[in-house]
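The sequence and the model are placed below for reading side by side. Please keep both in view while going through the questions.

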Amino acid sequence: MSERAAPFYCPYCGDEHLEPYAEDGTWFCRDCVRAFKLKFLGVGAPQTQKETPQ
């Protein structure tokens, strides 16, 4: 199991009173009483579709 960086603020209310929740990547905000999960999607710029000549 690797340790990940914790979020600095709640994505809903912006406050910093967060604590780990039940699962990995899941956090609970004590201020707005919401739980949320973080998921890593990847590194790098997203690929764009090439335009086809007409």
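What follows is a set of questions and answers on this structure.

The model is predicted, and local features need pLDDT of at least 70, side-chain atom pairs count only at pLDDT 80 or more, while totals for chains, interfaces and linings use all residues. Residues are numbered from 1 along each chain as its sequence is written, and side-chain values use heavy atoms, with hydrogens and water left out.

Q: How many helices and strands does the chain have, and in what order do the elements run from the N terminus on?
A: Helices (H or I, at least four residues) and strands (E, at least two) are taken as DSSP runs, numbered from the N terminus. By that definition the chain has 0 helices and 3 strands, and the order of the elements from the N terminus on is β-β-β.

Q: How many bridges join β2 to strand β3?
A: Two strands count as paired if DSSP finds at least two bridges between them. Strand β1 (residues 18-20) is joined to β2 by 3 bridges, and these two strands run antiparallel. Strand β3 (residues 34-37) also runs antiparallel to β2, and the number of bridges joining β2 to β3 is 4.

Q: Which residue of β3 stands opposite F28?
A: F28 is the bridge partner of E19 in the pairing with β2. Towards β3, the residue opposite F28 is A35.

Q: Which residue takes a positive phi in the hairpin of β2 and β3?
A: The hairpin of β1 and β2 has 5 residues between the strands, and there G25 takes a positive phi near 80°. The hairpin of β2 and β3 has 4 residues between the strands, and the residue with a positive phi, near 55°, is V33.

Q: Is T26 buried or exposed?
A: Residues count as buried under 20% relative accessible area, as exposed over 50% and as partly exposed in between, with a 1.4 Å probe and protein chains only. T26 lies in strand β2 (residues 26-29), where T26 and F28 point one way and W27 and C29 the other way. Contact meaning heavy atoms within 4.5 Å, T26 touches P20, Y21, F36 and K37, residues up to four places away in sequence not being counted. Because its relative accessibility is 9%, T26 counts as buried.

Q: What distance separates the C-alpha atoms of K39 and G25?
A: K39 is placed in the segment after β3, and K39 counts as exposed because its relative accessibility is 71%. K39 and G25 are 14 residues apart along the chain, and their C-alpha atoms are separated by 6.8 Å.

Q: Which side chains meet in a salt bridge?
A: Side chains of opposite charge can pair when their charged atoms come close. A salt bridge here is a side-chain nitrogen of Lys or Arg within 4 Å of a carboxyl oxygen of Asp or Glu, and the structure holds 1 of them, at 3.5 Å from N to O, between the side chains of E19 and R30. E19 lies in strand β1 and R30 in the loop between β2 and β3, so the pair ties together parts that are 11 residues apart in sequence. At relative accessibilities of 33% for E19 and 48% for R30, the partly exposed residues that meet in the salt bridge are E19 and R30.

Q: How many disulfides does the structure hold?
A: A disulfide is a pair of cysteine sulfur atoms within 2.5 Å. The sulfur of C10, a residue buried at 1% relative accessibility, has its closest cysteine sulfur in C32, and the 3.8 Å between them is too far for a bond. The sulfur of C32 in turn has its closest cysteine sulfur in C29, at 3.7 Å, which is also too far for a bond. The number of disulfides in the structure is 0.

Q: Which aromatic pair is stacked?
A: Rings of Phe, Tyr and Trp (its six-membered ring) pair if their centres lie within 6.5 Å, and planes under 30 degrees apart count as stacked, over 60 as edge-to-face and the rest as tilted. A search of the whole structure finds 2 aromatic pairs; in one of them the rings of Y12 and F36 have their centres 6.3 Å apart and their planes at 65°, so that pair is edge-to-face. It links distant parts of the chain, with Y12 in the segment before β1 and F36 in strand β3, 24 residues apart. With 5.9 Å centre to centre and 20° between the planes, the stacked pair is Y21 and F28.
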